[in-house]
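Student: I would like to learn how to read a model of this kind. Could you take me through a few features, giving the general idea before each case?

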Amino acid sequence: MSETNPAAAEPVAPHRYTAAMAADIEARWQDFWDADGTYAAPNPTGDLAGDPAVVARPKKFIMDMFPYPSGAGLHVGHPLGYIATDVFARHQRMTGHNVLHTLGFDAFGLPAEQYAVQTGTHPRVSTEANMENMKAQLRRLGLGHDRRRSFATIDPDYYKWTQWIFVQIFNSWYDDAANKARPISELVAQFESGERQAPGTRAWSELNAAERSDVLGGYRLAYASDAPVNWCPGLGTVLANEEVTGDGRSERGNFPVFKAKLRQWNMRITAYADRLLDDLDALDWPEAIKLQQRNWIGRSEGARVDFAVDTVTGGADAITVFTTRQDTLFGATYMVLAPEHELVDAIVPAAWPEGTHEVWTGGHATPPPAPPRPSPSTARSPRPSPTWSARPTPRRRPASSPARTRSTRSAATRSPSSSRTTS
């Protein structure tokens, strides 16, 4: 006998515990668990009502991070987390709790869209097939999920509620005095009654419908604005910075990515950043996680300062910057604007001012134009990213509010159109 010619497999004794026997035993028990509702968490009433004695037990809700239903199925990272939560759930059941432990699927995503483009298969068809495969794999793991309560984010009965939540946020503004969100209708009533002065010099009654909409957009917790984004025509969507490679291409599909200014929905998180920070204290989370949240919010004490500039048409404007070190402003020697900044075209002259030192011209006969602002239809190559300041920006005001030097508390990252000073 040699390693290349192994001997025939020896017969296995019928009482020996083999992988095949283990699979058969586990499959039969899994069938029993499903039929008997072993892991079903009963409601007091309704279609999911159950044993009143189980309903009366202390309740425990356990939720895992939803997996994305890819065609490859589960990978080793999935059971790594799911087995840990399953052990905890089983312990809670054994200690007398009514445990609700289920799992859903985060089913929207670029992979399904790209697969649909490549194969002509509707993304719902491929996604649902992937979910069935993953459900079978999860069942083979013997996890104690209440499968009656599973759902996917592509279910209309689910995402109608995410849409409803968005509408509530859109129709709300944050009242600093009350330290909570209030309906936008109450803000309109304040403008109409004169209790609150509309931003600008005109009364609310003098504004037309479009102007009023713009004013309210400066207060809404969900609002649309033109913002620089990573636009990927090949994928037909915008990408997060983490989804763009160092070569300026999409991580998925390797398509070119361009900087473009597009209409985007934003959340006015900076309006309630202090509330977010304060409410962290009441959460029963590990301190390390709460510290990460505080650092992500990034509140800092400082001020907005206006630097006066002359425009090429002879007018006056200002570049507003945020700084935590006002005492260093008198040492500022120059200022950098992002190419997307709206003031670039307004302040760069067609010719160098008289007496401009040669070292400042860089050898150019005239001031070089700002890099072109590519659009999805005209962009040819990725634009270089500007250099950002590490300092966070302050809480955002409504766009129509006046801004002068004042104390502020910051809770946001710097936007690409922000400016930077250097001492």
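Student: Among contacts between residues at least 6 apart in sequence, what share joins residues at least 24 apart?

Tutor: In this predicted model, 64% of those contacts in the protein join residues at least 24 apart. As for the overall make-up, the secondary structure comes to 12 helices and 13 strands, and of the 423 residues 31% count as buried.

Student: How should I read a salt bridge, and how many are there by the rule used here?

Tutor: Side chains of opposite charge can pair when their charged atoms come close. The count here comes to 18 salt bridges, among them the one in which the side chains of Arg 149 and Asp 146 meet at 3.1 Å, N to O. Asp 31, Asp 34, Arg 139 and Arg 147, for their part, are linked in a network of salt bridges.

Student: Are Arg 149 and Asp 146 buried or exposed?

Tutor: Both Arg 149 and Asp 146 are buried.

Student: Where do Glu 287 and Lys 290 lie, and how far apart are they in the helix?

Tutor: They belong to helix α10, residues 287-297, and because they are three residues apart there, about one helical turn separates them. Glu 287 counts as exposed because its relative accessibility of 52% is over the 50% cut-off, whereas Lys 290, at 5%, is buried because its value is under 20%.

Student: In what sense do strands β3 and β4 pair?

Tutor: In a regular strand the side chains alternate between the two faces of the sheet. Here β3 (residues 172-175) and β4 (residues 180-183) pair in the antiparallel sense over four bridges, and Tyr 174 stands opposite Ala 181 in β4. The two strands form a hairpin with four residues between them, and Asn 179 in the turn has a positive phi of about 55 degrees.

Student: Which residues form the nonpolar patch on the surface?

Tutor: The patch is formed by Tyr 334, Val 336, Val 359 and Trp 360, which together have about 440 Å² of accessible area. The elements that give two or more residues to this patch are β10 (334-337) and α12 (358-361). Tyr 334, found in strand β10, is partly exposed, with a relative accessible area of 39%.

Methods: Residues are numbered from 1 along each chain as its sequence is written. This is a predicted model: local features need pLDDT of at least 70, side-chain atom pairs count only at pLDDT 80 or more; totals for chains, interfaces and linings use all residues. Side-chain values use heavy atoms; hydrogens and water are left out. Patches are made of residues with over 30% relative accessible area and no salt bridge: like charges are joined within 9 Å, nonpolar side chains (Val, Leu, Ile, Met, Phe, Trp, Tyr) within 5 Å. Accessible areas come from the Shrake-Rupley method with a 1.4 Å probe; for residues, only the protein chains shown count as cover. A salt bridge is a side-chain nitrogen of Lys or Arg within 4 Å of a carboxyl oxygen of Asp or Glu. Buried means under 20% relative accessible area, exposed over 50%, partly exposed in between (1.4 Å probe, protein chains only). Two strands pair if DSSP finds at least two bridges between them. Contact means heavy atoms within 4.5 Å.
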